[in-house]
Amino acid sequence: MAAQAPITDGIGIANLPNQRHKIVAKRGAHFTIMVVGESGLGKTTLINTLFSTELSPPKNYSKRHHKQLDKLTEVEIIKAELEERQFKVKLTVIDTPGFGDYVNNRDSWLPIVEFIDDQHEAYMRQEQQPQRHEKTDLRVHACLYFIRPTGHTLKPLDIEIMKRLGTRVNLIPVVAKADTLTQNDLFTFKQRIREVISAQGIRIYTPPLDDDENTEHARMLIDAIPFSIIGSTEDVKTPDGRVVKGREYLWGVAEVENENHCDFKKLRSLLIRTHMLDLISTSEELHYENYRQQQMETRKFGEPKVKKLDNPKFKEEEEQLRKKFTEQVKAEEARFRQWEQHLIAERDRLNKDLETAHGAIKQLEAELDSLQVGYGRGTGRR
């Protein structure tokens with residue numbers, strides 16, 4: 001990557017881009033991308049295809065339902081360093097296995113949202129330290145949300161998490177495994193998704209249109225959202241003899257980089273070739289600044305962030321224990337009422353027996369008095 005020759009005319013201000021180019025070329029760049037979606041939608045395969053290397057080995061999804069007891073979305077971080085033409089990029093891929101894989105997916109988005117907020121928080125805390133030379137930065141620059149190719153529309157879970165992600169990160173929706181839909185069905189599906197995104201007020205990343213040179217390309221990318229993608233790291237041979245990345249079927253080959261088959265090249269252009277810098281700057285100048293402003297308005301300087309005490313992993317167990325406790329309390333109350341009724345009945349019986357005994361004593365006393373009177377009269381006659 002050779003820089004342009006220095007400009008010798010004028011006072012030298014025009015050489016500033018060349019100076020900046022040298023600094024960037026020397027430092028390199030770092031880019032953090034998050035992938036969110038249900039298991040089996042090709043998240044790992046797409047990442048490996050995007051960067052033409054095996055960043056993450058293929059996962060075995062045959063046992064993904066064996067961990068139903070955990071019911072927790074995990075966060076996995078994969079780091080790599082890529083180099084092209086002597087320019088290095090430190091790449092961080094954040095995967096979210098477990099999301100949407102369970103029967104009850106309530107609050108399954110919380111670990112993802114909290115991770116994004118925690119990275120903003122960690123960076124803000126590092127900025128407040130006296131020594132800021134080496135800062136760890138895992139702020140997410142782009143989030144690919146994988147939509148299952150059902151052919152219908154977005155599910156309630158999709159809408160719920162996309163609303164939360166859109167306000168925190170550059171959200172880019174993609175239709176996974178686009179080769180499972182016909183071209184007409186895919187077009188209708190994408191149109192329905194765009195309508196739901198608009199109706200629900202979901203914020204997604206759109207390329208800026210202020211650059212006259214790239215306006216047409218940016219409009220083409222915007223029209224393609226959500227991107228339909230096919231991921232494959234395997235080389236297959238087409239009927240005309242070409243060797244391409246794709247998937248081979250009985251009816252032919254679905255090519256990854258064929259724009260008539262999917263939007264993979266458009267997505268790669270958005271993420272890497274034309275808008276990576278804009279994704280990074282938008283994350284730093286918009287999403288991070290919004291978080292920082294919100295926190296600075298509600299917290300004092302240096303005050304730690306208030307952590308929520310509830311953990312989604314234990315919510316269901318807590319509710320089950322609460323339900324069990326309530327049932328035990330009700331059972332004990334019912335037993336207590338039964339015992340109380342028994343005591344009242346026993347008290348009534350004893351009171352009745354006491355009254356009967358008291359009446360008998362009164363009768364005996366009356367009989368005794370009558371006997372004493374009779375005895376006194378007999379003595380007086382003598």
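In strand E9, Gly252 is the bridge partner of Tyr249. Strands here, like helices, are DSSP runs numbered from the N terminus, a strand (E) having at least two residues and a helix (H or I) at least four. The model is a predicted one, in which local features need pLDDT of at least 70 and side-chain atom pairs count only at pLDDT 80 or more, while totals for chains, interfaces and linings use all residues. Residues are numbered from 1 along each chain as its sequence is written, and side-chain values use heavy atoms, with hydrogens and water left out.

Strand E8 (residues 243-249) is joined to E9 by four bridges, and the two run antiparallel. Both belong to an open sheet of three strands, ordered E7-E8-E9 with antiparallel pairing; two strands pair if DSSP finds at least two bridges between them. Strand E7 (235-237) and strand E9 (252-255) stand at the edges with a single partner strand each, so one side of each has no neighbour in the sheet. From one strand to the next, the twist averages 65 degrees.

A further open sheet contains six strands in the order E2-E3-E1-E4-E5-E6, and its pairing is mixed. Its edges are strand E2 (76-84) and E6, each with a single partner strand, so one side of each is left without a neighbour in the sheet. Strand E1 (residues 29-36) runs parallel to E4 and is joined to E4 by four bridges; within this pair, Leu144 in E4 is the bridge partner of Val35. Five bridges join E4 to E5, again in a parallel arrangement, and Phe146 has Val174 in E5 as its bridge partner. E5 is in turn joined to E6 by two bridges, and these strands run parallel. In this pair Val174 stands opposite Phe227 in E6. Helix H4 (residues 156-166) lies across E1, E4 and E5 and runs at about 170 degrees to E4. Such angles run from 0 to 180 degrees between N-to-C directions, with axes fitted as lines to C-alpha atoms, for helices over the stretch in contact.

Six of the six residues of E4 are buried, so the strand is largely enclosed by the rest of the structure. Buried denotes under 20% relative accessible area, exposed over 50%, and partly exposed the range in between (1.4 Å probe, protein chains only). Ala142, Leu144 and Phe146 point one way from E4, whereas Cys143, Tyr145 and Ile147 point the other way. A nonpolar core is a set of buried Ala, Val, Leu, Ile, Met, Phe, Trp, Tyr and Cys residues joined through side-chain atoms within 4.5 Å. This core has 68 residues, of which Leu144, Ile172 and Phe227 touch the most other members. In soluble globular proteins, nonpolar side chains tend to be buried together.

Ile172 is found in strand E5 (residues 171-175) and is buried, with a relative accessible area of 1%. Contacts, defined as heavy atoms within 4.5 Å, were listed without residues up to four places away in sequence; those of Ile172 include Leu144, Tyr205, Phe227, Leu267 and Leu270. Helix H7 (residues 264-273) has seven buried residues out of ten, so H7 is largely enclosed by the rest of the structure. Among these buried residues are Lys266, Leu267, Arg268 and Leu270.

The axes of helix H3 (residues 110-127) and helix H8 (residues 276-298) come within 10 Å and cross at roughly 70 degrees. H3 is therefore roughly perpendicular to H8, on a scale where angles under 35 degrees are roughly parallel, over 145 roughly antiparallel, 65 to 115 roughly perpendicular and the rest oblique. Asp117, His120, Glu121, Tyr123, Met124 and Glu127 in H3 meet His287, Tyr288, Tyr291, Arg292 and Gln295 in H8.

Two backbone features lie in loops. The peptide bond from Ile225 to Pro226 is cis, with omega near -5 degrees, and Pro226 is found between helix H6 (215-224) and strand E6 (227-228). Lys177, in the loop between E5 and helix H5 (183-200), has a positive phi near 50 degrees. Lys177 counts as partly exposed, at 38% relative accessibility. Most residues other than glycine have a negative phi, and most peptide bonds are trans.
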